[in-house]
Every structure is written in structure tokens, then in C-alpha cells.
Amino acid sequence: MKKIIILALISVFAFVFIEARYDDKKLKSFPKKNEIARKTEKKSLAKYVVPIVSHDEEVVSITKTNNSKNKESKITSQVINNVEEVKEENKSDFNVVNDLEHNEINNGSEKNIDCDEIDYKPENTKEEQLKENLVSNKIEEKIKEEKKDLEIKKEEVKIDEKEKSETSNTEVIVSASEKENSIPTKEVTEEKKEDAYISKKEYYSPNGTYLGTNRIKVIDVSHHQGIIDWDLFAKQSDCYGVILRIGYWKTEDRMFKRNIENIKRLNIPYGIYIYSYASTVNGALIESNFTNNMIDKYNLNPTLGIFYDIESWDTGTSNSNEISKEMYDMIITSFINNVSSHVNNKYKVKVYSGRWYAMNRLGSESKGYVDWVAEYNKTCKYDGAYSLWQYTSSGSVPGVKGRVDISYII
């Protein structure tokens, strides 16, 4: 029995050994076979070159190979037929082929058969040559015109320089203390200041400091700011002016008298506004008559404008949510017309409102009067025209204790 088992084991080992040798020979023969297959495949692939489709002309070029002429002519005719079919189907799209992405043809319906892009520039036709000539002629004419304008401007500059040298009143004087503090200031005549205020091209603070031409700061105040040190404001702030609340409904703001007296004394540019509680046309007339009376009572000269403050309110018995867009159109139009007529259109009479409120609650007509927009953000996203942007309600300026609204003149 033991002998039988030993013989069986020897047979198994022998069989396994023979199989392993056979497999090893088989594996060694694979690379040769693969190499032969690759060479055969390369030869067959070398017979043809992939056709390339130009994005501009839709022309297919096929490189001649060493194959028989019959096979070559069949392939060429087949590809050309395919291209002719594409041309027939897409004649209307040929004019816009140049606007497509480089990897698309016929509005993306067919992809380029090769990932390599080809810069193809067809020869200019007579029409294109004429167009180019016309363009170049226009450019030459424009250059000549610009040269003439430049000469004219040079002459104007020379004239201005002569006038400036002859006028001694417009010289810039900088004090020693201002130089030490490195604050760019200008002492200008009252006439020049007034011109700057009217033109809005250049702005100066009440003490003569030059502020620039854009994003000039103004504050707006009411009795909520308490007693303001206007002398300190005029001397140290970097603001151009102020917009004062005259009151609300037909009630005078309790700090308006003090504020306007000091502002006039210091020649600080100012505007005025009234907080509205009107819910009808009659209410708008009450508020506009109150505004007119305040202008006469204090002999106001609001060069920064007269503003109708339209925003959300709630008195307990009524609120602004009851006012429709159509009613707002009538309320605001009535106020604007009444006050504008009273001041003989000498000052702009416009609307102040928050961005969201103006865009969502006001009608199209009343929205057209919006000129002062409140949005406490890095940018103002109001979708209409405006010239004042109240960008914060928590600003700080010399002379005013606590927080204050600050706006930019845009």
C-alpha cells in the first residue's frame, strides 16, 4: 500500500513539472508573436493618413499611399462624397463657421476628426481687399483728425497758461502748518469755491481742503445727532457738506434752527430733506406746503438739493404697506411739482429711499425721481440713475458725537 502511494505522488510531481516547462516555453514565444503582430499592424496603418477637415473651407486632403490605385480612388471618392453631403446640409451655416469653437463644425453637430488644430487662412478676395483698403484709409483720416485736435488743445493750453500768469488772485497758498501735517490744501477765492460747487467738477471742504472730483462725502443729520460742533466739523472733517432734516409730516425738526444758523455762518454747502408720512395726494400737498414754508422762513439756499424721504413707516393706526405703486406715483409727483414750482426749479427736488424699497415698492414714474439711494454695502446695486449713495449709517466725523449717516456724491 505504501509503495502505491509513493508511486502516485511521484507521478503527480512529474506531471506538474512537465506542465510548468510547457507554459514557460509558451510565454517566451509571446513577445516574438506580439512584435510580429505590431509590425504587421504598423504596415497596414501606414497605408493611409487620417483625413484632415479644415474649419474654413471644409476641404478633405488625403495623402497618397503605396496601395493600389483602385483602393486609393475608392477611399478618396468616398470621403469627398461625405464632405459634399455635409456642405449641402449646412450651406446656411458656412458664414458663421469662423465664430465656432475650434473643436466644432456646423454649430457643434460634428466634431473635428483630429485633435490637432490647423491655422488655415484663405487668400483675400477682391471684396476683402477693398474693405481692408477702406479701413486703412479711415484709420489714416482719424489719425489726421486727432493730430489736428492735439494741435488745437496745445494752443488752448498755451492761452490758459498766459491767463493764469496774468491773474494773481488764483495763486495757491499753502500754510507752514499744513505743510508740516502733509495735508494737501488750497486757499481759493470765494468766487472759485462757488464755481466748484456749481460745476461739481472739483470739490473743497469748508476749510479749503481739496477733496477731488468723485465719491465726495456728505453727511445727513437730524435731532438724533444732538448738539453738533460745526466749527470742528468745518475745520477737520473731510466732508464737502451736509443734508439737514427740516422735519417730518408738518413738524419742524427741533435741532434744525441751530443747525442751519451754524451752517450758514461757516459757509458749509447744504441740502434739506423731509421725512414723509403721506399716504394720499392730500398728505403730499401738506408736506410740500410745509417744505415751502420752511424754505421761506429760513431763507434757505439748498444747493445740494431738496429730498422727499420715502421709506417704510408705521404709526400704529396706519402704515406704508397700505400704499400702492400707483398711489406712490401720485404722492411723489404732487410733492415734486409743488416744491419745484415754489423754488422756480432753481434746486433739484428728488426722492431719497432705500435700494430695496425704491426697486420694489415705488411705481415706474416715482422711481424716476429717485436720486439719493441708501444701501449699506460695498457697492450700490440700484438699477436706476442716482447721484448720491448713502453707504453707511454708522460713520464717524469730527464734531458729531456717535454714529452718523455718510453718503457719496457720485
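Student: In which helix is leucine 9 found?

Tutor: Happy to look at that with you, keeping in mind that this is a predicted model. Leucine 9 belongs to helix H1, which covers residues 2-45. Its relative accessible area is 48%, so leucine 9 counts as partly exposed, given that the exposed class begins over 50%.

Now to the aromatic rings. Across the whole structure, a search turns up 16 aromatic pairs. In one of them, the ring centres of tyrosine 203 and tyrosine 240 are 5.0 Å apart and the planes meet at 85°, so this pair is edge-to-face. Tyrosine 203 sits in strand S5 (residues 203-204), while tyrosine 240 is in the loop between helix H6 (230-236) and strand S8 (241-248), so the pair ties together parts 37 residues apart in sequence. Both tyrosine 203 and tyrosine 240 are buried.

Tyrosine 308 and phenylalanine 335 give you a stacked pair, with 3.7 Å from centre to centre and 5° between the planes. Here strand S11 (residues 306-309) contributes tyrosine 308 and helix H9 (residues 325-342) contributes phenylalanine 335, linking distant parts of the chain that are 27 residues apart. Tyrosine 308 has 0% relative accessibility and therefore counts as buried; phenylalanine 335, also at 0%, is buried as well.

Finally, have a look at Tyr248, Tyr275, Tyr277 and Trp313, which ring pairs join into a cluster.

Note on methods
Residues numbered from 1 in each chain as written. Predicted model: local features only at pLDDT ≥ 70, side-chain atom pairs only at ≥ 80, totals over all residues. Heavy atoms only, no water. Helix = DSSP H or I, 4+ residues; strand = E, 2+ residues; numbered from the N terminus. Buried < 20%, exposed > 50% of the residue type's maximum accessible area, 1.4 Å probe, protein only. Phe/Tyr/Trp six-rings, centres within 6.5 Å; stacked < 30°, edge-to-face > 60°.
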